[in-house]
Amino acid sequence: PHWIIRRTPEMIAQLKKNDGFLADPKSEASKQPAYAKTDSRALKDEWFVARGVCTHLGCSPTYRKEIAAADLGSEWPGGFFCPCHQSKFDLAGRVWKGMPAPANLEIPAYRFVTETSILIGEDSKGA
């Protein structure tokens, strides 16, 4: 499964504030195309495309966009939560420090075919 999430300007602004909570904020040890090695991990900041599989044991995290969710803590900025072993990821799929997940969520190759259509599995170089 893959996720395509449309992020608001507020969500995008929050991404730069998350580094202190993250194990790999610059995605140095994570699987993604070179163009996704940014704070937003996306071709276009507004659109987040990721593989919907936890990097720990393959469970499917849930999209939890609410801020400071009671069950996730007052510092929760919104993101993805894996119910199997409680790994947390921000809205760019970057894993929090101290989580069972060893890496950020995987970003697949993808490209925009039109302004409203995304092709997953292929980027502009035909990968």
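These legends accompany close-up views of one predicted model.

The model is predicted: local features need pLDDT of at least 70, side-chain atom pairs count only at pLDDT 80 or more, and totals for chains, interfaces and linings use all residues. Residues are numbered from 1 along each chain as its sequence is written, and side-chain values use heavy atoms, with hydrogens and water left out.

**View 1. The three-stranded sheet β3-β4-β5.**
The sheet is open, its strands follow the order β3-β4-β5, and the pairing is antiparallel. Strands (E, at least two residues) and helices (H or I, at least four) are DSSP runs, numbered from the N terminus. Two strands pair if DSSP finds at least two bridges between them. The edges are β3 (62-64) and β5 (88-90); each has a single partner strand, so one side of each has no neighbour in the sheet. From one strand to the next, the twist averages 30°. That angle is taken between N-to-C directions, on a scale from 0 to 180 degrees, with axes as lines fitted to C-alpha atoms (for helices, over the stretch in contact). Three bridges link β4 (residues 79-81) to β5 in the antiparallel sense. F80 faces F89 of β5 across this pairing.

**View 2. The β6-β7 hairpin.**
Strands β6 and β7 make a hairpin, with two residues between them. They run antiparallel, and four bridges join β6 to β7 (residues 117-120). T114 has S117 in β7 as its bridge partner.

**View 3. Two nonpolar cores.**
The largest nonpolar core holds 18 residues. Such a core is a set of buried Ala, Val, Leu, Ile, Met, Phe, Trp, Tyr and Cys residues joined through side-chain atoms within 4.5 Å. Buried means under 20% relative accessible area, exposed over 50%, and partly exposed in between (1.4 Å probe, protein chains only). W3, F48, F80, F89, I107 and Y110 have the most contacts inside the largest core. β1 (2-6), β2 and β6 (110-114) are the elements that give it two or more residues. β2 gives the most, with three residues. A second, separate core has six residues, including L22, L72, F81 and W96.

A36 sits in the loop between α1 (9-15) and β2 (47-51). A36 counts as buried because its relative accessibility is 0%. Neighbours within four places in sequence aside, A36 contacts R41, A42 and I107; contact means heavy atoms within 4.5 Å. By the same exclusion, the contacts of Y110 include Y35, A42, W47, V49 and I120. M11 is 25 residues from A36 along the chain, and their C-alpha atoms are separated by 17 Å.

The whole structure contains one disulfide, defined as a pair of cysteine sulfur atoms within 2.5 Å. The disulfide joins C59 to C84, with S to S at 2.2 Å. The link is left-handed, at -105° about the S-S bond. C59 lies in the loop between β2 and β3 and C84 in the loop between β4 and β5, so the pair ties together parts 25 residues apart in sequence. C59 is buried at 18% relative accessible area, while C84 is partly exposed at 37%. C54 is in no disulfide; its nearest cysteine sulfur, that of C82, is 3.9 Å away. C82 is in no disulfide either. Both are buried: C54 has a relative accessible area of 5%, and C82 one of 2%.
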